[in-house]
Amino acid sequence: MRYRNLILFLVLALVWGSSFMAIKAGLEYFPPVLYAAVRYDIAGIVMLGYAWYVLDDPIPRTRGEWLLVLIGAVFLIAAYHSLLFIGEKNEAVTSASAAIIVSLSPVLTTACARVMLPSERLEPIGLAGLVLGLVGVGVLVRPDPSNLLSADVLANLLIFAAALAFAFGTVLMRRLDATLHIESLEAWSMLGGALLMHGISLAIGESPTGITLTIEAIAAIGYLSLFSSALGFLIYFDLLAQLGPIEINLVSYVAPLFAAIAGFLFLDEGITTATTVGFLIIVAGFALIKRETIRREVNSLRATSMAQSDD
């Protein structure tokens, strides 16, 4: 049991990182938003069953609890995944580059918190970290000044917008004076988000006739629903209780490594210098923003290690 948390952390990074490859692979057989909706139809049912198993009452009861679910459904599920899946449809977007842009979420969450939660100050060095993170995205996207509205640039910007929607939703939840068991929140948000995405899919002209059912298509949707979503979130809940929100946030910076490996192995995607440099710049920005928290975590781990050695 000594390495339990480390093993679970790596499994979580694996299933979340490789999900970008599974998204990319499945988009050959599904319209993008409908693909995301079906994923969360399945994952939401699985999570609701789990919530019903572990909780005495998994149904939100108060106005505040349902508002939490609404925010989760709109921003964390529907907006995030609709934009991500549409962005990944572009051939120029690789599994690794999509994962790296999404890894900017903790940085964007800090920026949103600074605007929406005035009590959370962002000092000059933290602002420098935010700018550094955005520079990292610029290195990845590499916009051509003569053609800023190219399909490739717009696809990457959609993924950036997905990360921003997730960050905004996360901070909006923190503004509410309400709490809800995370299992219940995730289950109902997934189902609500899936319903919204079905509506978006119809509104933009997608049709179930655009689905091509093959072994590869079933494998992709099954992996995303059961492993990346259901299993991934169960591991996340466990590690959140064991490690806390700061350490678990680091999964965002390990997942792109697995995304790159999965993309290379299954989709023959290359890893460019710009991808590597952009990733390192975003990580540096995160380190600047969270420097004090990281220092406290390191000191706490060191003190715990010393105490165990004395015993």
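Helix α5 (residues 105-116) is largely enclosed by the rest of the structure, because 10 of its 12 residues are buried, where buried denotes under 20% relative accessible area, exposed over 50% and partly exposed the range in between (1.4 Å probe, protein chains only). The buried residues of α5 are Ser-105, Pro-106, Val-107, Leu-108, Thr-109, Thr-110, Ala-111, Cys-112, Ala-113 and Met-116. The end C-alpha atoms of α5 are 16 Å apart, in agreement with the 16 Å that its 12 residues should span at 1.5 Å a residue; the expected span is 1.5 Å times one less than the number of residues.

The model is predicted, with local features requiring pLDDT of at least 70 and side-chain atom pairs counted only at pLDDT 80 or more, while totals for chains, interfaces and linings use all residues. Residues are numbered from 1 along each chain as its sequence is written, and side-chain values use heavy atoms, with hydrogens and water left out.

The protein chain contains 13 helices and 0 strands, helices (H or I, at least four residues) and strands (E, at least two) being DSSP runs numbered from the N terminus. Of its 311 residues, 46% count as buried. Among contacts in the chain with a separation of 6 or more, 90% join residues 24 or more positions apart, a contact being heavy atoms within 4.5 Å.

Helix α3 (residues 63-88) packs against helix α8 (residues 182-203) at an angle of about 50°, and the two axes lie 7 Å apart. Axes are lines fitted to C-alpha atoms, for helices over the stretch in contact, and angles run from 0 to 180 degrees between N-to-C directions. The arrangement of α3 and α8 is therefore oblique, the class left after roughly parallel (under 35 degrees), roughly antiparallel (over 145) and roughly perpendicular (65 to 115). The contact involves residues of α3 including Trp-66, Ile-77 and His-81, and residues of α8 including Trp-188, Gly-192 and Met-197. Its residues comprise 14 nonpolar, 6 polar and no charged; Ala, Val, Leu, Ile, Met, Phe, Trp, Tyr, Cys and Pro count as nonpolar, Asp, Glu, Lys and Arg as charged, and the others, Gly among them, as polar.

Helix α11 (residues 251-267) has 17 residues and reaches 23 Å from its first C-alpha to its last, close to the expected 24 Å. Buried positions in α11 include Val-251, Tyr-253 and Pro-256. Just after α11, Asp-268 adopts a positive phi of about 60°.
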